[in-house]
Amino acid sequence: MKLKQIEKSFFDLPDSAPLVVVKRTEQKIYVASAFDFIGRSSIKDCEFLEFPLLVKGEKIDYSLFLTREVIKRSVPSCRSQEKIQLIAKRLMKCFSNKEYDHSEFVNCLNDVADWGRIQRIKGKLKKTNSRKMNAVWKAFKQSLSDKDARYAIEKISSLKIGLGIAMITKVLRLCNPESFMVLDSVFYANLKLPVVENQNSAIEKTSDSYDKACKAFRTLQKEYSRANSYKELQLGDFEFAIYHLLKEALSHLL
């Protein structure tokens, strides 16, 4: 793609909108920012980072390539960060209590559901008894203390109260974005691990898949931060950026 085509592509886009180029014959998707093309004549002149997970297409899988600049410009805005911090502060206060407060905990989870746009679970929370919700509260406290999502995912999933891995990881990410990221349907429905002989490549709603997804994100996160001009992002903020860029990429595969 030449510079004139790129400029034309950006003509009707907001300043921060990413440019997506799908090369179907090469099974590659490139996502860049308008700022990447200053002083460059071709998309091939940009420095891209390869995402360790594959994007699932209708018939073929694609490798995803992102520039540092487009990642940087896709992290949460200041306004979004303020909202996130308010919910996180309330959650952390709830988890710091020695005694379980059912009403306060359910209200906190309702806030998370609203933020995460999964309001459908609010009715399930309302119907779940205090004994099970206390177990959920304790599971979150344990995983936050250990900085390991495995216990919360496995314990809360076993209670069968309708809290899936998306909601569980949203709570963990809000409380500790350095250690946790969100794994929701945009990721597990549209990404897969590179195919390795005799291994399942699907991203599933399990603690094992969560660990593998986190490892992949951290690999790209580390590569992103190697450039001196790009400050290190928290895992949760980095995932937020990839989430929105992946949605943009998927819209170009339709």
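Leaving aside neighbours within four places in sequence, with which residues is Val186 in contact? The points below take up this question after a word on the model.

1. **Basis of the model.** This is a predicted model, in which local features need pLDDT of at least 70, side-chain atom pairs count only at pLDDT 80 or more, and totals for chains, interfaces and linings use all residues. Residues are numbered from 1 along each chain as its sequence is written, and side-chain values use heavy atoms, with hydrogens and water left out.

2. **Confidence.** The predictor's confidence in each residue is given as pLDDT, from 0 to 100. For the protein chain the mean pLDDT is 90, and 92% of the residues reach 70 or more. Over residues 1-13, pLDDT stays under 50. Where pLDDT is low, the predicted coordinates should not be read in detail.

3. Val186 is placed in helix 9; helices (H or I, at least four residues) and strands (E, at least two) are DSSP runs, numbered from the N terminus. Contact means heavy atoms within 4.5 Å. Apart from neighbours within four places in sequence, Val186 is in contact with Tyr243, Leu246 and Lys247. The C-alpha atoms of Val186 and Tyr243 are separated by 7.3 Å, although these residues are 57 residues apart along the chain. With a relative accessible area of 14%, Val186 is buried; the term buried means under 20% relative accessible area, exposed over 50%, and partly exposed in between (1.4 Å probe, protein chains only).

4. **Asp184.** Asp184 lies in the loop between helix 8 (165-175) and helix 9. Its relative accessibility is 9%, and Asp184 therefore counts as buried. Not counting residues up to four places away in sequence, Asp184 touches Ala166, Lys170 and Tyr243.

5. **Helix 11.** Twelve of the 17 residues of helix 11 are buried, so this helix is largely enclosed by the rest of the structure. Among the buried residues are Tyr243 and Leu246, both of which are contacts of Val186.

6. **Aromatic pairs.** A search of the whole structure finds eleven aromatic pairs. Rings of Phe, Tyr and Trp (its six-membered ring) pair if their centres lie within 6.5 Å; planes under 30 degrees apart count as stacked, over 60 as edge-to-face and the rest as tilted. The ring centres of Phe187 and Phe217 are 5.2 Å apart and the planes stand at 70°, so this pair is edge-to-face. It links distant parts of the chain, with Phe187 in helix 9 (residues 185-188) and Phe217 in helix 10 (residues 207-224), 30 residues apart. Both Phe187 and Phe217 are buried. Elsewhere, ring pairs link Phe95, Tyr100, Phe105, Trp137 and Phe140 into a cluster.

7. **A charge over a ring.** Arg73 lies over the face of Phe35, at 3.7 Å from the ring centre. A charge sits over a ring if NZ of Lys or CZ of Arg is within 6 Å of the ring centre and within 35 degrees of the ring normal.

8. Five strands form an open sheet in the order 1-2-4-3-5, with mixed pairing. The edge strands, strand 1 (19-23) and strand 5, each pair on one side only. Two strands pair if DSSP finds at least two bridges between them. Strand 1 pairs with strand 2 (residues 28-32) in the antiparallel sense over five bridges, and Tyr30 in strand 2 is the bridge partner of Val21.

9. **Strand 3 and its partners.** Strand 3 (residues 48-56) pairs with strand 4 (residues 61-67) in the antiparallel sense over six bridges, and a hairpin joins the two through four residues. Strand 3 also pairs with strand 5 (residues 191-192), again antiparallel, over two bridges. Val55 has Tyr62 in strand 4 as a bridge partner and stands opposite Leu191 in strand 5.

10. **Positive phi values.** Most residues other than glycine have a negative phi, and most peptide bonds are trans. Arg117 has a positive phi, near 60°. This residue lies in the loop between helix 4 (102-115) and helix 5 (122-127) and is exposed, with a relative accessible area of 72%. Lys147 also has a positive phi, near 55°. Lys147 is placed in the loop between helix 6 (130-146) and helix 7 (150-159), and at 56% relative accessibility Lys147 counts as exposed.
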